[in-house]
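Hi,

Here is the structure I promised to pass on. Have a look, and my notes on the cavities follow below.

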Amino acid sequence: MSTLETTIRPKAQSGEWKAIVILILLVPVLWSPLILFRFVLFQPFNIPSSSMAPTLVVGDYVFAAKFAYGYGRYSIPFAPSFISGRFRAADPAYGDIVVFTTPKDTTVDYIKRVVGLPGDRIQMRQGQLVLNDIPVARVALKETFAGSACGGEVGAKVKRWRETLPNGVSYVTYDCIDGGFLDDTPVYTVPPGHFFALGDNRDNSTDSRMMSAMGFIPMDNLVGKVTRIFWSLDSEGELRAERLGKAG
């Protein structure tokens, strides 16, 4: 053994022991009620864009239940990269609003609605969602002011639809423009172990319809299920009390 190796090796061992001691000391902190709630049970997220309007709007703060779909690499803080799969795994249901990362960028959290599960065939036809060759039921609602949700004038109105998935989950979508870029798509067949997600603001959402940007999302990339809006502030910083509660 060289003099250099003899000199370095004891230091490395000392460093390893220090890391172990620090981890042991951190155990009570990591399992404190606040940390347990924040990292293991529910995680807060804020809504930075209008892609899920009108269900979720800019300024909303939501809780995501991290236990809803099991725990994996992207739902556990500081999880090592070699972790794969999910502990106590459960798949999302149609209509669930989920937090996830994409394989293209695992550093960014997205919030969208699940509309397709493994084996499903998904298509958009003239702005209407088609699931397994059957158009999803929708009812036209009265137009409303879109604010900035459609990226146009503040006073502009937007078409709205109440969409109901086969399992009965119902929600409102925005239809900003007729004949939008993503109003007509090819048929997407969801592969095993993946799901297909859309934003409720159909003409202003980067989602699974854009294969080069997002595409199909692996189940293992799920972070949690959005359960409720716990805080909401408008552009002036004023509380929007009417928005507090369950996220549809």
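The lining of the second largest cavity splits into three nonpolar, one polar and three charged residues (nonpolar being Ala, Val, Leu, Ile, Met, Phe, Trp, Tyr, Cys and Pro, charged being Asp, Glu, Lys and Arg, and polar the others, Gly among them). Those residues are Arg 121, Ile 122, Gln 123, Arg 125, Val 130, Asp 133 and Val 187. Strand β7 (residues 121-125) gives the most here, with four residues; strands are DSSP runs of E, at least two residues, numbered from the N terminus. The volume is about 30 Å³.

Before you go on: this is a predicted model, where local features need pLDDT of at least 70, side-chain atom pairs count only at pLDDT 80 or more, and totals for chains, interfaces and linings use all residues. Residues are numbered from 1 along each chain as its sequence is written, and side-chain values use heavy atoms, with hydrogens and water left out.

By "cavity" I mean a set of points, on a 1 Å grid over the protein atoms alone, where a 1.4 Å probe fits but cannot get out; lining residues have an atom within 4 Å of a point. Points are joined across faces, edges and corners, and a volume is the space filled by probe spheres set on them. The count is two cavities of 30 Å³ or more.

Now the largest cavity, which holds about 60 Å³ of space. Its lining has two nonpolar, two polar and five charged residues, including Arg 138, Glu 163, Asp 183 and Arg 202. β11 (157-164) and β12 (170-175) each supply at least two lining residues, and β12 has the largest share, three.

Cheers

Note on methods. 1 Å grid on protein atoms, 1.4 Å probe; cavity = no way out; pocket = protein on both sides within 12 Å on 5 of 7 lines; lining within 4 Å.
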